[in-house]
Amino acid sequence: MPMSFVDSIRRLVTDPPPGHVFEISPGGIAYGVPTAPESTGFRALAEGVLAISPLSDNVKIPEAFADGLAQTFPDSMGNGKKDKPAALILPDYSSRLQVLDFDTFPAKPEEQQALVRFRMKKTVPFDIETAAVSFYAQPPSGDSKKVEVVAVLVAYEILGRYEAPLREAGYQPGLVTTSALATLNLIKMNELSLLVKLSGKTLTILALDGSRIKMARCLELEALAEEEVLAVIYPTIAYMEDAFTGKSKSGRPARIWLCGFGASASELARKWSEELNIPFEILQSRYGTPGPYNAGVMGFLESAN
């Protein structure tokens with residue numbers, strides 16, 4: 001199974017493991033219980049409650065957001081028990097995900113943190129000292145001596161406003177990740193592949209080499225149109241063919257995974273497979289087909305069971 005960000009930071013979570021998982025998305029709140037995967041559900045939020053952005057506070061109507069969370073597990077919320085471990089999955093577009101490569105990477109965590117922050121400093125339009133940064137070094141790739149580090153950055157203001165209602169309800173969000181990274185637990189493949197994930201108007205693309213993330217893109221589409229998605233897929237494939245082609249392997253993805261495309265997914269997979277001559281496959285989990293707003297929960301449950 002590919003090593004996702006969830007897997008890589010599992011060692012940082014103290015016992016007991018998260019008893020509940022919450023995924024925030026443009027549409028609302030998906031939720032689940034790792035010990036009872038069939039208990040997954042979704043609470044829609046009214047338009048305007050959230051405005052997903054990496055630059056400013058996402059929670060526009062805190063009372064409505066807190067009420068939505070309270071309705072996910074009404075028997076558990078506010079029952080007086082404190083510090084119930086929980087996992088919090090953030091919207092992809094609320095953070096910045098990058099793959100950084102280093103010729104050398106220090107061994108001391110504090111030096112690693114400083115180096116990652118320095119590299120990411122030039123890519124964010126705000127003071128990086130006001131942001132939380134999580135990262136992990138990926139397994140070596142072939143004969144390459146470079147160290148590839150997956151790093152996620154989210155502003156403290158954004159993170160704090162998502163965490164606050166959970167803490168007030170007695171939950172301790174000890175594990176925080178993003179939807180796309182949690183979704184990677186659903187991909188079991190050792191070759192080059194591409195994840196194309198849609199959530200609302202947010203399109204997330206991850207280029208993968210087995211368990212390693214090679215490139216990440218996340219953007220807001222102007223319109224939910226086929227040509228808008230293809231306008232991102234085509235140059236990504238071209239980049240992979242140019243960057244990953246070696247003496248013994250092609251840089252062309254062996255498979256492209258679609259996630260969050262709803263009822264049109266099957267037709268798009270068939271059509272795009274013929275147009276690009278690459279197999280397109282709809283992402284699946286043991287608990288059903290992930291939708292646009294719960295793929296992270298599905299991936300988390302896949303890794304936890």
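Start with Arg119, which lies over the face of Phe102, 4.8 Å from the ring centre. Keep in mind that this is a predicted model. Lys84 is placed over the face of Tyr171, at 4.5 Å from the ring centre.

Now the ring pairs. A pair of aromatic rings is described by the distance of the centres and the angle of the planes. With a limit of 6.5 Å between centres, the count comes to ten aromatic pairs. One of them is Tyr31 with Phe73, an edge-to-face pair at 5.0 Å centre to centre, with 75° between the planes. Tyr31 belongs to strand 2 and Phe73 to the loop between helix 2 and strand 4, so this pair ties together parts 42 residues apart in sequence. Tyr31 and Phe73 are both buried. Phe102 and Phe105 have ring centres 5.1 Å apart and planes at 35°, so that pair is tilted. Phe102 and Phe105 are buried as well. Ring pairs also link Phe22, Tyr31, Phe73 and Tyr171 into a cluster.

What is the order of its three strands? The order is 5-7-6, in an open sheet with antiparallel pairing. Strands 5 and 6 stand at the edges with a single partner strand each, so one side of each has no neighbour in the sheet. From one strand to the next, the twist averages 25°. Strand 5 pairs with strand 7 over seven bridges, and Leu97 has Val152 in strand 7 as its bridge partner.

Two helices remain to mention. Helix 3, residues 109–121, packs on the sheet and touches strand 5, strand 6 and strand 7. Helix 4, residues 156–168, lies across strand 6 and strand 7, at about 70° to strand 7.

Notes
Residues are numbered from 1 along each chain as its sequence is written. This is a predicted model: local features need pLDDT of at least 70, side-chain atom pairs count only at pLDDT 80 or more; totals for chains, interfaces and linings use all residues. Side-chain values use heavy atoms; hydrogens and water are left out. Rings of Phe, Tyr and Trp (its six-membered ring) pair if their centres lie within 6.5 Å; planes under 30 degrees apart count as stacked, over 60 as edge-to-face and the rest as tilted. Helices (H or I, at least four residues) and strands (E, at least two) are DSSP runs, numbered from the N terminus. Buried means under 20% relative accessible area, exposed over 50%, partly exposed in between (1.4 Å probe, protein chains only). A charge sits over a ring if NZ of Lys or CZ of Arg is within 6 Å of the ring centre and within 35 degrees of the ring normal. Two strands pair if DSSP finds at least two bridges between them. Axes are lines fitted to C-alpha atoms, for helices over the stretch in contact, and angles run from 0 to 180 degrees between N-to-C directions. Contact means heavy atoms within 4.5 Å.
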